[in-house]
Amino acid sequence: PQVIFSGIQPTGVPHIGNYLGALQQWAKLQNEASPKTTLLFSIVDLHAITVNQNPRQLRNACHQMLAALLAVGLDSKRSIIFFQSDVDAHEKLMWILSCRAQMGNLSRMTQWKACLAHRSKLNLSDNAPPVEALLNTELELGLYSYPVLQAADVLVHRATHVPVGHDQAQHLEFARKCARTFNHRYGTIFQLPETILSPAKRVMSLTQPHLKMSKSHQDPRSRILISDSTEEIAQKVKTALTDSVSGVSYDPVKRPGVSNLIEIMHHFRADGASCKDIARDCENLTMRAFKEQVAKCIDEHLFEIRQRYEELMGKEKEGYLREVAESGAVRARESAAETMHLVWDAVGLGGFQ
Ligand code: ATP
Ligand code: MG
């Protein structure tokens with residue numbers, strides 16, 4: 001039977017990159033899945049603490065994320081929606097996988113290398129020396145080793161399919177490697193999970209279109225949140241970095257900013273118009289008029305999601321969110337316990353079990 005698993009970090013309200021690259025796909029998979037398919041969607045709070053978090057803000061971000069998942073159309077009766085830290089087996093399996101995981105693989109992760117290159121997520125002060133000088137001293141372990149936890153997230157539920165954005169494809173390749181290594185050493189327990197990439201693989205930042213849009217980038221104008229108001233959307237699109245070439249054309253290499261806006265419009269429009277079609281339709285528009293159209297298109301799509309999100313974040317829905325999280329945790333623990341039973345047996349853990 002199919003088991004679909006994916007996760008999102010509670011590092012802020014999801015942006016349209018998360019939505020187009022992951023959440024929209026999750027809802028679609030849920031709505032089209034056969035009744036036999038198990039679906040699990042986790043708010044991966046243990047991953048969020050790889051960067052410095054204020055505890056109260058983290059809690060709040062967790063609640064926001066749960067509301068967001070429900071607002072985009074996940075149904076807690078159909079899908080198991082849970083907080084990662086509510087299910088201990090994730091960390092237990094991580095340790096077991098860590099004992100066989102190779103540091104060479106982790107050092108080659110593009111995300112890790114990007115963090116080193118841009119000094120992002122490293123929790124360094126501005127006047128800290130170059131990262132090369134810090135490799136064996138101040139750099140923290142979590143950000144480096146979290147792909148092993150991610151592998152455990154997926155494998156502990158013996159997922160067969162994992163819908164993610166392009167930035168996570170390499171980590172999933174690593175998860176398959178962890179599974180193969182384990183199976184080879186201890187006997188076959190894990191299926192090799194397949195990656196499902198959504199058509200919007202990589203939505204780019206509005207302010208730095210060579211970087212992917214990201215929840216934890218410092219500049220809030222770099223991303224549009226699914227909770228943003230009509231005015232906020234208009235303002236962020238208006239100040240998005242484009243170029244001084246006149247007119248609109250689609251050329252991701254020469255015109256990354258404009259092309260990102262075209263791609264966003266392409267994904268939000270339900271009429272199947274390609275990026276080239278959109279560029280042709282908008283060819284003679286001024287940048288200002290084009291941006292207005294982009295903003296309108298995003299706003300129309302997000303309108304209902306935003307309304308549901310606001311409703312779910314209301315005081316009176318707190319009890320409901322808690323119930324969703326509690327029942328999700330119970331079901332996710334059951335799913336993980338089945339796997340851990342096999343794992344402990346295979347590895348020889350659990351004393352007199
Ligand atoms: P952070 O900056 O804290 O890492 P994030 O925006 O990268 O936040 P994650 O929680 O790491 O979000 O990832 C959640 C999901 O969203 C993953 O499946 C990831 O591949 C996808 N995703 C993240 N950013 C983008 C993007 N710009 N375009 C498409 N998919 C994305
Ligand atoms: Mg990320």
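In this predicted model, H4 and helix H14 (residues 318–347) pack at an angle of about 30 degrees. Their axes lie 11 Å apart. Axes are lines fitted to C-alpha atoms, for helices over the stretch in contact, and angles run from 0 to 180 degrees between N-to-C directions. Helices (H or I, at least four residues) and strands (E, at least two) are DSSP runs, numbered from the N terminus. H4 and H14 are therefore roughly parallel to each other. Angles under 35 degrees count as roughly parallel, over 145 as roughly antiparallel, 65 to 115 as roughly perpendicular and the rest as oblique. The crossing of H4 and H14 is left-handed; this term applies if the near helix is turned anticlockwise from the far one by less than a right angle, and right-handed applies if clockwise. H4 contributes Ala 89, Lys 92, Leu 93 and Ile 96, and H14 contributes Ala 336, Ala 337, Met 340, Val 343 and Val 347. Contact requires C-beta atoms, placed from the backbone, within 7 Å. By class, this contact has eight nonpolar, no polar and one charged residues. Ala, Val, Leu, Ile, Met, Phe, Trp, Tyr, Cys and Pro count as nonpolar, Asp, Glu, Lys and Arg as charged, and the others, Gly among them, as polar.

H4 (residues 89–98) also packs on helix H8 (residues 141–155), at about 120 degrees and with axes 8 Å apart. That angle makes H4 oblique to H8. The crossing of H4 and H8 is right-handed. His 90, Leu 93, Met 94, Leu 97 and Ser 98 of H4 meet residues of H8 including Ser 145, Val 148 and Leu 149. The contact of H4 with H8 divides into eight nonpolar, three polar and one charged residues.

The chain is divided into domain 1 (3–203 + 317–347) and domain 2 (227–312), with bounds from an automatic or database domain assignment. Their C-alpha centres lie 30 Å apart. 13 residues of domain 1 are in contact with nine residues of domain 2. On the side of domain 1 that touches domain 2, H3 gives the most, with four residues. That side has twelve nonpolar, no polar and one charged residues.

Of the 19 residues around ligand 1, Thr 11, Gly 17, Gly 21, Gly 165 and Lys 215 come nearest; a residue is near if its C-beta atom, placed from the backbone, lies within 6 Å. H1 supplies the largest share of this shell, four residues. The shell has six nonpolar, nine polar and four charged residues.

Residues are numbered from 1 along each chain as its sequence is written, while chains are lettered from A and ligands numbered from 1 in the order in which they are written. Local features need pLDDT of at least 70 and side-chain atom pairs count only at pLDDT 80 or more, whereas totals for chains, interfaces and linings use all residues.

Note on methods. Contact = placed C-beta atoms within 7 Å.
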